[in-house]
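This report describes the architecture of one protein model. The sequence and structure are shown first, and the description follows.

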Amino acid sequence: MCAYGEQDYRATCKFFGKNDAAAGTAVPEPVTEFPWTGSVFGLDDLEWLAARSRPLILAPVGPHNAGKTTFLAASYLGLCHGARVEQHRFAGSFTFGGWENLAGYMRYAPEGIGPQFPPHTANTAQRVPGLLHVALRRTDGRLVDALLADAPGEWFNKWATNVVHEDAEGARWTAEHADGFLFFVDSEELAGANRGVARDDLFKLAQRLAEHRDGRPVAVVWSKADVTVRPAIREQVEARLKQLFPDARAFPVTVRQPGPASDAARQYLDVVSWLLNYRSERLPFASLPVRRADNPFLAYRGVTA
Ligand SMILES: Nc1nc2c(ncn2[C@@H]2O[C@H](COP(=O)(O)OP(=O)(O)OP(=O)(O)O)[C@@H](O)[C@H]2O)c(=O)[nH]1
Ligand SMILES: [Mg+2]
């Protein structure tokens, strides 16, 4: 109602004005420019995220088709279902769009199309893998920014055979900056006709990672665990990985897990929990390759003595 008591105030009150948009004079200007878009992060996005905490990078390492992206999408779907990362509570994400791009394939579509797998990760010439963000709050109240790297398997194939290969730059970045690794063992490949070659390639990649891990934790992820691997091959792989990563823990995961969805989600999130808890208990943080922010507010790191 009009404060001056005009009945037909739209027509008669001299203080009633159309807003700029209705009057056609508005200049469309964003209220605030957000520094994130919701898509997967690249190196530039790390810069402002690193202003609030040192994000932990967890990197799946494995050949093409090993189930790395499926692992990430299934973990996110688990979080959507309310599954927990042990000793942490979900506290947000800056890359919901990126997560949804992958997880959308694994949901039931309205037309009744059943869940599918996410597409293969394109082998691009990027220097850095796509980074998917999740913020978690530890039981002691501390916030942890975790970034899960979605790299194409081809990078690691190249890196395993030639560490200085020009197409392995993204793999080198990952190996240098990750805080924990998920080493993928593809059960389907080890059960297939080419299992001998698959095993040899796996050992090559494991050897390469062992040379570069420098004390960082490695979780061995037996993906596609619904496929049975012959005991002879399984034992060879287990023995070799034990030699290369004596402190690693093995985790079987499969999207075809019977039983409640929460159990299926737990197999994935248990890997993330183990890596995060391993880091926070034993290891100091390495530095991240981010440019120091020009903005003094973002560059502030607290008062040092
Ligand atoms: N049986 C079975 N197959 C799976 C499972 N997870 C993934 N797959 C199959 O493995 C394929 C590859 O999975 P991705 O997650 O795309 O593999 P990736 O390691 O990300 O592959 P790149 O992006 O090419 O490096 C999928 O398209 C599925 O056919 C699983 O739990 N069980
Ligand atoms: Mg992938």
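**Overall composition**

The model is predicted. The protein contains twelve helices and seven strands. Of its 305 residues, 36% count as buried. Among the contacts with a separation of 6 or more, 77% are made by residues 24 or more positions apart.

Seven strands form an open sheet with the order 2-3-4-1-5-6-7 and mixed pairing. Strand 2 (88-90) and strand 7 are the edge strands, each pairing on one side only. From one strand to the next, the twist averages 30°. Helix 4 packs on this sheet and touches strand 1 (56-61), strand 2, strand 3 (130-138), strand 4 (143-150), strand 5 and strand 6. The direction of helix 4 makes about 145° with that of strand 4.

| Strands joined | Bridges | Direction |
|---|---|---|
| Strand 1 and strand 4 | Three bridges | Parallel |
| Strand 1 and strand 5 | Four bridges | Parallel |
| Strand 5 and strand 6 | Six bridges | Parallel |
| Strand 6 and strand 7 | Four bridges | Parallel |

**Strand 1**

Strand 1 is mostly covered, with six of its six residues buried. L56, L58 and P60 point one way from the strand, whereas I57, A59 and V61 point the other way. In a regular strand, side chains alternate between the two faces of the sheet. Both sets of residues in strand 1 are buried. L58 illustrates the pairing of this strand to its two neighbours: L58 stands opposite L148 in strand 4, and its bridge partner in strand 5 is G180.

Strand 5 (residues 180-186) runs parallel to strand 6, and F184 has V221 as its bridge partner in strand 6. Strand 7 (residues 249-252) also runs parallel to strand 6, and the bridge partner of W222 in strand 7 is P252. Between strand 6 and strand 7 the chain passes through helix 10 (residues 231-244), and this β-α-β crossover is right-handed.

**Helix 6**

Why is helix 6 (residues 153-161) described as largely enclosed by the rest of the structure? Seven of its nine residues are buried, so helix 6 is largely enclosed by the rest of the structure. The buried residues are G153, W155, F156, N157, K158, W159 and A160. These buried residues pack against strand 1, helix 4, helix 7 (169-177) and helix 9 (195-212). An α-helix has 3.6 residues a turn, so residues three or four places apart point the same way.

**R138 in strand 3**

R138 is found in strand 3. Is this residue of the model buried, partly exposed or exposed? R138 has 16 other C-beta atoms within 10 Å and is therefore partly exposed; a buried residue would have 20 or more, and an exposed one 12 or fewer. Not counting residues up to four places away in sequence, R138 touches Q87, H88 and V144. R138 and V85 are 53 residues apart in sequence, while their C-alpha atoms are 9.5 Å apart in space.

**The shell around ligand 1**

How many residues surround ligand 1, and which are the closest? The shell holds 22 residues, and the closest are K68, T69, T70, T121 and G153. Helix 4 (residues 68-80) supplies the largest share of the shell, namely three residues. By residue class, the shell around ligand 1 divides into six nonpolar, eleven polar and five charged residues.

Conventions. Residues are numbered from 1 along each chain as its sequence is written. Chains are lettered from A and ligands numbered from 1 in the order in which they are written. This is a predicted model: local features need pLDDT of at least 70, side-chain atom pairs count only at pLDDT 80 or more; totals for chains, interfaces and linings use all residues. Two strands pair if DSSP finds at least two bridges between them. A crossover is right-handed if, with the strands pointing away from the viewer, the path from the first strand over the helix to the second runs clockwise. A residue is near a molecule or strand if its C-beta atom, placed from the backbone, lies within 6 Å of it. Ala, Val, Leu, Ile, Met, Phe, Trp, Tyr, Cys and Pro count as nonpolar, Asp, Glu, Lys and Arg as charged, and the others, Gly among them, as polar. Axes are lines fitted to C-alpha atoms, for helices over the stretch in contact, and angles run from 0 to 180 degrees between N-to-C directions. Two residues are in contact if their C-beta atoms, placed from the backbone, lie within 7 Å.
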